[in-house]
Amino acid sequence: MSFGKNVRRMRQDKGWSQYQLSNRTGIKVGHISKLEQDEGDPKLSTLYKLMDALGCSPDSLLMDVEKMNQDAILKQTLERAMKLTELNKAAIIEVIDGYCRACGMEQAFIPGNNLLRHFIAPRERLPIAEVLKGSQDAEP
């Protein structure tokens with residue numbers, strides 16, 4: 001993913017139009033459009049304005065996802081997730097925790113592996129239920 005696609009994705013993550021991003025950065029709408037189409041090279045001051053308005057790191061703005069390793073992509077994705085509501089964060093944690101537990105259980109079924117006995121007793125889970133309950137009480 002190119003610089004322009006990163007700008008567009010982060011703008012859309014916030015639900016903003018190019019006009020709204022323009023208002024928050026002081027960058028003309030036409031220039032934002034060109035940046036999102038990867039036309040031209042932005043000045044350093046433009047990068048700072050975009051990072052400030054989008055609340056992102058330089059890595060998130062500048063890194064090309066197609067050239068990044070999985071760890072860097074995961075880091076960038078989690079950075080985006082950190083900006084979600086508490087309820088949405090709890091849902092993501094629940095999904096990731098469940099997936100990690102499933103991957104661990106998968107190891108138990110590898111022939112010759114004696115890990116299956118560890119999965120007979122229930123495993124400890126992250127205390128997501130309390131977070132979800134608290135979030136539901138707090139949100140309208």
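**Entry 1: Terms before looking**

I call a residue buried when its relative accessible area is under 20%, exposed when it is over 50%, and partly exposed in between. Asp97 has a relative accessible area of 14%, so I logged Asp97 as buried. A reminder to myself: this is a predicted model.

**Entry 2: Asp97 and its partner**

Next I looked up what Asp97 pairs with. Its side chain meets that of Arg101 in a salt bridge, with 3.1 Å from N to O. Both sit in helix α7, and because they are four residues apart, about one helical turn separates them. I jotted down the background too: an α-helix has 3.6 residues a turn, so residues three or four places apart point the same way.

Helix α7 holds another pair of this kind. Glu86 and Lys89 form a salt bridge, their closest N and O atoms 3.3 Å apart. The two are three residues apart in α7, again about one turn of the helix. Glu86 has 47% relative accessibility, so I put Glu86 down as partly exposed.

**Entry 3: A salt bridge between helices**

How many salt bridges does a search of the whole structure find? I got six. One of them joins Glu36 to Arg8, with 3.6 Å between the closest N and O atoms. This pair links distant parts of the chain, since Glu36 belongs to helix α3 and Arg8 to helix α1, 28 residues apart. Is Glu36 buried or exposed? At 3% relative accessibility, Glu36 counts as buried, whereas Arg8 is partly exposed at 26%. I also noted that Arg8, Arg11 and Glu36 are linked in a network of salt bridges.

**Entry 4: The nonpolar core**

I then turned to the largest nonpolar core, which has 15 residues. Those with the most contacts inside it include Phe3, Val7, Leu21, Leu50 and Leu61. Helices α1 (3-13), α3 (29-36) and α4 (44-54) each supply at least two residues of this core. Which helix gives the most? That is α4, with five residues.

Leaving out residues up to four places away in sequence, Val7 touches Leu21, Glu36, Leu50 and Leu61. Glu36 turns up here again, as a neighbour of Val7 as well as the salt-bridge partner of Arg8.

**Entry 5: Around α4**

In α4 I found Thr46, Leu47, Leu50, Met51, Ala53 and Leu54 buried. The buried residues of this helix pack against α1, α2 (18-25), α3 and α5 (58-62). Just after α4 comes Gly55, which takes a positive phi of about 65 degrees.

Ile27 lies in the loop between α2 and α3. At 6% relative accessibility, Ile27 counts as buried. What does Ile27 touch, not counting residues up to four places away in sequence? I listed Ser22, Ile32, Thr46, Lys49 and Leu50. Ile27 and Thr46 are 19 residues apart in sequence, and their C-alpha atoms are 7.5 Å apart in space.

Leu74, Leu78, Leu84, Ile92 and Ile96 make a nonpolar surface patch of about 380 Å². The elements giving two or more residues to this patch are α6 (70-81) and α7 (86-108). Ile92 has its place in helix α7, and with 30% relative accessibility Ile92 counts as partly exposed.

Terms used. Residues numbered from 1 in each chain as written. Predicted model: local features only at pLDDT ≥ 70, side-chain atom pairs only at ≥ 80, totals over all residues. Heavy atoms only, no water. Patch = residues over 30% accessible without salt bridge, like charges linked within 9 Å, V, L, I, M, F, W, Y side chains within 5 Å. Areas by Shrake-Rupley, 256 points an atom, 1.4 Å probe, with all protein chains shown as cover. Salt bridge = Lys/Arg side-chain N within 4 Å of Asp/Glu carboxyl O. Buried < 20%, exposed > 50% of the residue type's maximum accessible area, 1.4 Å probe, protein only. Core = buried A, V, L, I, M, F, W, Y, C linked by side-chain atoms within 4.5 Å. Contact = heavy atoms within 4.5 Å.
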